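Please look at the sequence and structure before reading on.

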Amino acid sequence: MDDLRKNYLDRIAVAASEAALEEVRIAALGKKGEISLKMRELGAMEPAARAAAGAALNVLRDEIDSALRARKAALGDAALDERLAAEWLDVTLPGRPRRQGTIHPISQVWEEVTAIFADMGFAVAEGPEVESDWYNFDALNIPGHHPARAEMDTFYMHRAPDDNRPPAVLRTHTSPVQIRSMEAQGAPLRIICPGRVYRADYDQTHTPNFHQVEGLALDRDLTMANLKWVLEEFFSAYFGTRVRTRFRASHFPFTEPSAEVDIQCSFEGGTVHVGEGDGWLEVLGSGMVHPKVLKAGGIDPAKAQGFAFGMGIDRIAMLKYGIPDLRSFFESDLRWLRHYGFAALDVPTLHGGVAR
Ligand code: PHE
């Protein structure tokens, strides 16, 4: 009995894990454990010897059992102490700063332009970027032989030889949305359409994808005077300073008369300052909507007339925020985006002022 006791209590004392302890428990107290087998042998003993041996075995079993429990608890405490030491962390340390993304200048200007025209009662209209050649050209009085249709400017969608659907293009301007808006709303009408446009061209001032904002206002008696007022209001709000405009006679198939519009600026010190000096910078095309275009949009030219304009968003973004190269807008250079981008909460307002 003493040998048994010593053997098991020693083994329990050196068991280094719960698994090792379990092995000892099975060896002693398991169904086929040494103590259990000894207890089974009691049945074959004389009553007097059985009572004495039984009592002693019970005591021994309880002793081993409580030694097992005590050792298990000690191992658990040690493991917890170890984890507490290893997983300790200082919650008072300052956090690691996380880089915030920025709003792209095009998105920012898009929102600014929308806010200013919305204030003058213009709603935002949209149209598809993959457009039929009818909306992009024919409906805008651009006949089949017009140079704007030449392959070098326009991206045509691929058509299989046996595909007889009319040609589709990546829209070369936002003007097709004029037609779509007339069809959808009729006159009177006051919309702008900011959007992506595409032309096959690439240098410091041209990229194959760029952005325009179209404007269209139709009513009974709108004139070029209304156009000029709207544009001067717009540029003054956008640049945060009074900006004069200069209208130069021009030609677009979809307007008559047509004008290219310049804004006043100075080029002093190699930088452009809008609203000062006696220089001029071209920023948009415009005119009175051609009667054929009204008809294509389902509007009777005897009952409504109005003006339209198309302005480069990238262009006016470069001017306001001093961005020298158009191509940089499309390069996703993180250093550039951090420098020229806007904080997400820097919401455009009508009174935001100039940032040059
Ligand atoms: N669509 C013309 C362009 O892309 C601009 C324009 C729009 C001109 C509306 C007149 C009227 O150049």
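Arginine 248 and aspartate 262 join their side chains in a salt bridge with an N to O distance of 2.7 Å, a salt bridge being a side-chain nitrogen of Lys or Arg within 4 Å of a carboxyl oxygen of Asp or Glu. Because arginine 248 belongs to strand S6 (residues 245-252) and aspartate 262 to strand S7 (residues 255-266), the pair ties together parts that are 14 residues apart in sequence; strands (E, at least two residues) and helices (H or I, at least four) are DSSP runs numbered from the N terminus.

Aspartate 262 is buried, with a relative accessible area of 2%, whereas arginine 248 is partly exposed at 28%; buried means under 20% relative accessible area, exposed over 50%, and partly exposed in between, with a 1.4 Å probe and protein chains only. Both residues belong to a network of salt bridges that links Arg246, Arg248, Glu260, Asp262 and Glu282.

## Basis of the model

This is a predicted model, in which local features need pLDDT of at least 70 and side-chain atom pairs count only at pLDDT 80 or more, while totals for chains, interfaces and linings use all residues. Residues are numbered from 1 along each chain as its sequence is written, and side-chain values use heavy atoms, with hydrogens and water left out.

## Other charged pairs

The structure holds 18 salt bridges, one of which joins the side chains of arginine 180 and glutamate 131 at 2.7 Å, N to O. This pair links distant parts of the chain, 49 residues apart, with arginine 180 in helix H7 (residues 176-185) and glutamate 131 in strand S2 (residues 130-132). Glutamate 131 counts as buried at 1% relative accessibility, and arginine 180 as partly exposed at 27%.

A salt bridge also joins aspartate 62 and arginine 61, at 3.8 Å from N to O; aspartate 62 is partly exposed at 46%, and arginine 61 is partly exposed at 32%.

## Overall form

The protein has 11 helices and 10 strands. Its radius of gyration is 42 Å, well over the 21 Å that the globule rule gives for 356 residues, so the protein is more spread out than a compact globule; the radius is taken over C-alpha atoms, and the rule is 2.2 Å times the number of residues to the power 0.38. Along its principal axes the C-alpha trace spans about 130 × 60 × 35 Å, and 39% of the 356 residues count as buried.
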